[in-house]
Amino acid sequence: QVQLVESGGGLVQAGGALRLSCAASGRTFSSSVMGWFRQAPGREREFVAAISWSGGRTYYKDSVKGRFTISRDNAKNTVYLQMNSLKPEDTAVYYCAAHYSGSYYSMQSYGYWGQGTQVTVSS
C-alpha cells in the first residue's frame with residue numbers, strides 16, 4: 001500500500017512559478033511510475049505529467065510541455081512538479097498518483113492518490 005501527500009500549492013500571478021512536492025510512503029515507490037493530474041471546478045480530472053521509476057522517461061500533456069518539469073528523488077520518496085510560466089488556465093487542484101497498469105495518460109491506470117494541493121493563477 002502506498003500513501004501520497006502533496007504540498008507546495010498556492011496563489012501566484014500569471015507568468016510566475018511554483019514547485020509541487022509529493023511525499024510517498026511504501027517500499028514500492030522506487031519501482032513505480034508516478035503521475036500528476038489536475039482538476040478544475042466543473043472540469044474532468046486530466047493528466048498533466050508522469051515519470052518512470054528511474055526518472056529516465058517523462059510524459060507531458062501537450063499544453064504544459066516546455067513549461068512544466070516532472071522529477072523524482074527516490075532516496076527521499078518524493079516526486080516534484082516544477083511549474084513555470086503559469087497561466088490562469090493552470091488553476092486547479094493538483095493530485096499526485098501512483099501507476100499500477102495500463103496507459104500512463106489514463107486516470108484509471110493509477111491505483112493510489114493523494115488528497116491534492118490547490119494551485120491558483122491570477123491574471
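Start by selecting C22 and C96: both are buried, meaning under 20% relative accessible area, where over 50% would be exposed and anything in between partly exposed (1.4 Å probe, protein chains only). Keep in mind that this is a predicted model, in which local features need pLDDT of at least 70, side-chain atom pairs count only at pLDDT 80 or more, and totals for chains, interfaces and linings use all residues. Residues are numbered from 1 along each chain as its sequence is written, and side-chain values use heavy atoms, with hydrogens and water left out.

Now show the sulfur atoms of C22 and C96: they sit 2.1 Å apart and form a disulfide (a pair of cysteine sulfur atoms within 2.5 Å). The angle about the S-S bond is -80°, so to speak a left-handed link. Strands here are DSSP runs of E, at least two residues long, numbered from the N terminus.

Next, follow β9 to H99, in the strand that covers residues 92-99. Is H99 buried or exposed? H99 counts as buried because its relative accessibility is 15%. Its side chain reaches the backbone oxygen of S101 at 3.3 Å, a polar contact (N or O atoms within 3.5 Å, one able to donate a hydrogen and the other to accept it; residues adjacent in sequence count only if both atoms are side-chain atoms).

Finally, select W36, L81, M83 and Y94, which touch the most other members of the largest nonpolar core, a group of 26 residues. Such a core joins buried Ala, Val, Leu, Ile, Met, Phe, Trp, Tyr and Cys residues through side-chain atoms within 4.5 Å.

Terms used
Helices (H or I, at least four residues) and strands (E, at least two) are DSSP runs, numbered from the N terminus.
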